[in-house]
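Me: Please show the model under discussion; a set of questions on its local geometry follows.

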Amino acid sequence: QLACPLDLGCHSVNMRYSGFMVLYPTGITSEIAVTLSVLPFVASNPTLYSLLLPNKYNFAFSYYMFCIAVLLSYIHGAPQMYGYMLGQRKKVLGKPKEKKDQ
């Protein structure tokens, strides 16, 4: 599919579908590290970005628990998104499928 040795478009497509292999794990690791480093501060300030009961909305929101939920979402979400990107990379950069003669 990508038979363009000197075409800059070819190289940008290659970088797009190959660069994520390093950048995506780096980004996920840094997001997790930053969130983990902030958790003690958020826990020591329970009113920070939180809505506590009682209030006129009769609704509670804990920013600390939200941060925990985001961290837990990486367990399922990160491998799924990385696998999806690997599939897209294979589809775009892989060998073209041969057409069957009918």
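Reply: Helices (H or I, at least four residues) and strands (E, at least two) are DSSP runs, numbered from the N terminus. The model is predicted: local features need pLDDT of at least 70 and side-chain atom pairs count only at pLDDT 80 or more, whereas totals for chains, interfaces and linings use all residues. Residues are numbered from 1 along each chain as its sequence is written, and side-chain values use heavy atoms, with hydrogens and water left out.

Me: Where is Leu51 placed, and how far is Leu51 from Ser62 in space, C-alpha to C-alpha?
Reply: Leu51 is found in the loop between helix 1 and helix 2. In sequence, 11 residues separate Leu51 from Ser62. The C-alpha to C-alpha distance between Leu51 and Ser62 is 6.6 Å.

Me: Is Leu51 buried, partly exposed or exposed?
Reply: Buried means under 20% relative accessible area, exposed means over 50%, and partly exposed lies in between (1.4 Å probe, protein chains only). Leu51 has 31% relative accessibility, so it counts as partly exposed.

Me: What is the C-alpha to C-alpha distance between Leu48 and Ser62?
Reply: Leu48 also belongs to the loop between helix 1 and helix 2, and its relative accessibility is 25%, so it counts as partly exposed. Leu48 and Ser62 are 14 residues apart in sequence, and their distance in space is 8.6 Å.

Me: Which residues form a nonpolar patch on the surface?
Reply: Like charges are joined within 9 Å and nonpolar side chains (Val, Leu, Ile, Met, Phe, Trp, Tyr) within 5 Å. Accessible areas come from the Shrake-Rupley method with a 1.4 Å probe, and for residues only the protein chains shown count as cover. The patch has about 500 Å² of accessible area together, and its members are Leu51, Tyr57, Phe59, Phe61 and Phe66.

Me: Which residues form one aromatic cluster?
Reply: Phe61, in the loop between helix 1 (8-44) and helix 2 (63-93), is partly exposed because its relative accessible area is 32%. Phe66 is partly exposed because its value is 41%. The cluster consists of Tyr49, Phe61, Tyr63 and Phe66.

Me: Which peptide bond is cis, with omega about -5 degrees?
Reply: Most residues other than glycine have a negative phi, and most peptide bonds are trans. Pro54 lies in the loop between helix 1 and helix 2. The cis bond joins Leu53 and Pro54.

Me: At which residue does helix 2 bend by about 40 degrees?
Reply: The bend at a residue is the angle between axes fitted to the seven residues ending there and the seven starting there. A proline, Pro79, follows the bend within four residues. The bend of helix 2 is at Ile75.

Note on methods:
Patch = residues over 30% accessible without salt bridge, like charges linked within 9 Å, V, L, I, M, F, W, Y side chains within 5 Å. Salt bridge = Lys/Arg side-chain N within 4 Å of Asp/Glu carboxyl O. Phe/Tyr/Trp six-rings, centres within 6.5 Å; stacked < 30°, edge-to-face > 60°.
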